[in-house]
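Please examine the sequence and structure shown here before reading on.

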Amino acid sequence: MTVVATKTDGQAASAFQAARSRLPGAAAVAEQRQAAFDNYTRQGLPHRRVEDWKYTDLRVLMREVLPLAAAPDHAHLARAADALQLHAIDGVRRLVLVDGVFVADLSDLAELEPGLSIRPLREVLEAGEALDDRWPAPDTADAMVAFNAALMTDGVVIEVGADITLQRPLQIVHVAAATEPASIVTRSLLRVGQNATATLVESFVAADGSTRYQLHDALHVTIAEGGRLDHLRLNEDAIDAFHIASLFASLHGQARYNACALTTGGGVSRYQGFVRFNGDGAEVTANGVNLLNGTQHADTTLFLDHAVPHCVSREVFRAVLDGRAHSVFQGRIMVRPHAQKTDAKMMTRALLLSDEAEADNKPELEIFADDVTCGHGATTGALDDTLLFYLRARGLPEKEAQALLIQAFIGEAIESIVDDQLRALAIAVGERWLEARA
Amino acid sequence: MPAEQETVERVRRIDVDQYRYGFETDIESEKAPKGLSEDTIRFISGKKNEPAWMLEWRLEAYRRWLTMSEPTWARVDYPKIDYQDLYYYAAPKQKKQLSSIDEIDPEILKTYEKLGIPLREVAVLEGVVAPGAKPAGEDDGEPPVEQRKVAVDAVFDSVSVATTFKEELKKAGVIFMPISEAIREHPELVQKYLGSVVPTTDNFFATLNSAVFSDGSFVYVPPGVRCPMELSTYFRINERNTGQFERTLIIADKGAYVSYLEGCTAPQRDENQLHAAVVELVALDDAEIKYSTVQNWYPGNAEGKGGIYNFVTKRGDCRGRGSKISWTQVETGSAITWKYPSCILRGDESRGEFYSIAISNGYQQVDSGTKMIHLGKNTSSRIISKGISAGKSQNTYRGLVTAHRKAAGARNFTACDSLLIGDQCGAHTVPYVEAKNSSAVFEHEATTSKISEDVLFYCVQRGLSQEEAVGLVVNGFVKDVLQQLPMEFAVEAQKLISISLEGSVG
């Protein structure tokens, strides 16, 4: 296919050139950046002819590539602090990135548990450590991953030592605080050691007055033998923001990864997860909920790669759509040859509350082993009239009856969150969305 | 769970090295010069004595085709086809105008006899009885085999060699003839409908077909007529290096009904041959078309050498209110299958169905499925697909269900199961479910346990095992469609359908 040069190619090139001198990392890191950027340039923004981006055509939805955000000044940090207060979660260890820069002053780095190490990515890159084989270079086949690898400014690098059980959940908060629209490019790494246990909350929020920014994030997760990570992701970005994030998770033997991603923010968002099973007996739960309104477009794309035998995966995805919102779910489960006894299930359901909303589902199975149990299901529909009638007959107003049914509908995806406080937080996000709708 | 032994045995029986139709008929034939150019198209058009508008239509398609590139999105892998290294037209040499079936080259008659396709009406009257089928009345639990008439259009390479029961069909008002004849005799119908479902610009292979199609069947069933017998076309590729490009057009006018069946075989050869057909169905108000395919092209040998590339565009247009189109396919042949029989549910309350059993063995690659495009109000569709892959084959189900903004009350149910036999093969499911209307209700499932819990519960409660209950439900779904297949295949297909769902992977 011929790649049509668009104006965004030029914008991306000038963003890269302009930012080059202040991007952290010399020599090998700089080379890696250049290679990644060349890779991006070859492909350009993904469009509908690129199968994985079929429903999220960035040439149409993104239109422009913004220059990289400047490092936050005092005013920005002050506004970021206000935003943090609004979205504060009790008892978590907060790690804050403002406009793509790690801010130690706003973060909680006091009294780190033994075995827990937290460093800014900038520092790691400047030390040239990112090329360490503990942090494998990301696969940049995807144009937006390549874009991220070329322009990442900062992030958080977290290591949880073997046999450590973290008492406090970690929270990485991405705050957009700039008043001028700009690109924010971050990457974080989390390694959970052997038999270690950790909980991670990722929050994406905007300070008052931050609009139309473009956020590009990537998260690398490695869970060693017997380790466990619980992961809650909350996209509450500005309603006109652009949000593209990738997850790379690698699980070793007997590892557990339990994730739930909620999207209520962002004008156009895409969350793509690439989860690979590298050791026998690992288990993954990857759930997601999209709650969308207005003209929001949210795409959740998950690729579960069962490369080894005896692994289990579960995916439950829910979308509730009002207005002219558009939700996309693409789930791909691959069972490679010899990955026998794989047990993989995926269920995606969409609820359309308005005649102008659109839900696209593509649950895909690729199976190369014969002794496996894999299944997927997909449904689309409106709220059940008989259930509504039942509730209304008992005196509930229409909106309340709807809210009750919607809560039950998304509850199936949220109930996998183990931590009581975090589950309550996820439920509250749903409630806020419903209130805003009413 | 691994597949059951019985299933494994059954699939082995139709493995690629068991191909029964691989013989070649030695016959003198007339071909167009090798390669594709405007001259080739003029040659084909001239051979068929076509009117000028038809030639123009072909040339336009050809010019369009030159600007297109071959699709690569399907999960199939094959060396690049050299379109200039093919013959686009091959016909058995004819000495003079034929007046009866007895004048057909006995070699061709013998070929069809060997394939079990009766071209003599007298033979047909005796009924198509499957070898080993029990005569009626013998009580062994099997249903008695009914004797039925089937009208056959036999297409040998690029031309139709015989069409049976033309007269009897004419009495009922049904037009059943080779499309090359229809272009001459019923230009108004052909002009009105040809390319109206699959436009010449549709896709690479359909456009190629529009430029060079040589023969195929044309069916028109007038308003209110129920076609008195099964219609069928039997396609045979015989010549070397020849592509077969047939074109089928079926129109069921208001309230009409027709059931149509196609079968296909080819000789065993080391080279790959191309088959790029286009099938268009048009169902007007309250009309119903049942289209069944038994695809058994040569699949290549056990090492994956040779075999047919089956790149086919099939689409039905439920144009009228309350119309219905049902596709049934049993796919066992071809080296590569690229085929998505689809329904455009344009008329309000129209209905589309797709039942498919695709079995791949050896090095076969199947990428097949359907599209259900809901445009009208209260339209419904059902998709039942079963893929079985064995050997080193790859079997993909690819399907699209979509409801447009105005398709209020659209309803779809999809179930696709795959079964793998052995650890060298692959089974893939790529469904696209797109809803743009809140009153659309779509259900897609690929887990056997979820086929209507209520029905299963009902059966289990009455003492059936879960497995038996599932078998019963699946059989119930497809039975009446399978019965439309000729007996020989209905029996075989039924066996395949009843293959245990044990080990199904969704």
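Two strands are taken to pair if DSSP finds at least two bridges between them. The model is a predicted one. In it, β19(A) is joined by four bridges to strand β23 (residues 441-445) of chain B.

**Pairing of strands across the chains**

- Strands β19(A) and β23(B) run antiparallel.
- Within this pairing, T380(A) lies opposite F442(B), a residue of β23(B).

**Contact between chain A and chain B**

- On chain A, 33 residues are in contact with 33 residues of chain B.
- Two or more residues each come from β17 (343-352), β18 (358-367) and β19 (373-381) of chain A, on the side that touches chain B.
- Of the elements on that side of chain A, β18(A) gives the most, with 10 residues.
- Sorted by class, the side of chain A that touches chain B comprises 15 nonpolar, nine polar and nine charged residues.

**Packing of two helices in chain A**

- Two packed helices are described by the angle between their axes and the distance between the axes.
- For helix α2 (residues 27-43) and helix α6 (residues 143-151), both of chain A, the axes come within 8 Å and cross at roughly 150°.
- The crossing of α2(A) and α6(A) is left-handed.
- From α2(A), the residues R33(A), A36(A), F37(A), N39(A), Y40(A) and Q43(A) take part in the contact; they meet A143(A), A146(A), F147(A), A149(A) and A150(A) of α6(A).
- By class, eight nonpolar, two polar and one charged residues make up the contact of α2(A) with α6(A).

Technical notes
Residues numbered from 1 in each chain as written. Chains lettered and ligands numbered in written order. Predicted model: local features only at pLDDT ≥ 70, side-chain atom pairs only at ≥ 80, totals over all residues. Contact = placed C-beta atoms within 7 Å. Nonpolar A, V, L, I, M, F, W, Y, C, P; charged D, E, K, R; others polar. Axes fitted to C-alpha atoms, helices over the stretch in contact; angles between N-to-C directions. Left-handed = near helix turned anticlockwise from the far one by under 90°.
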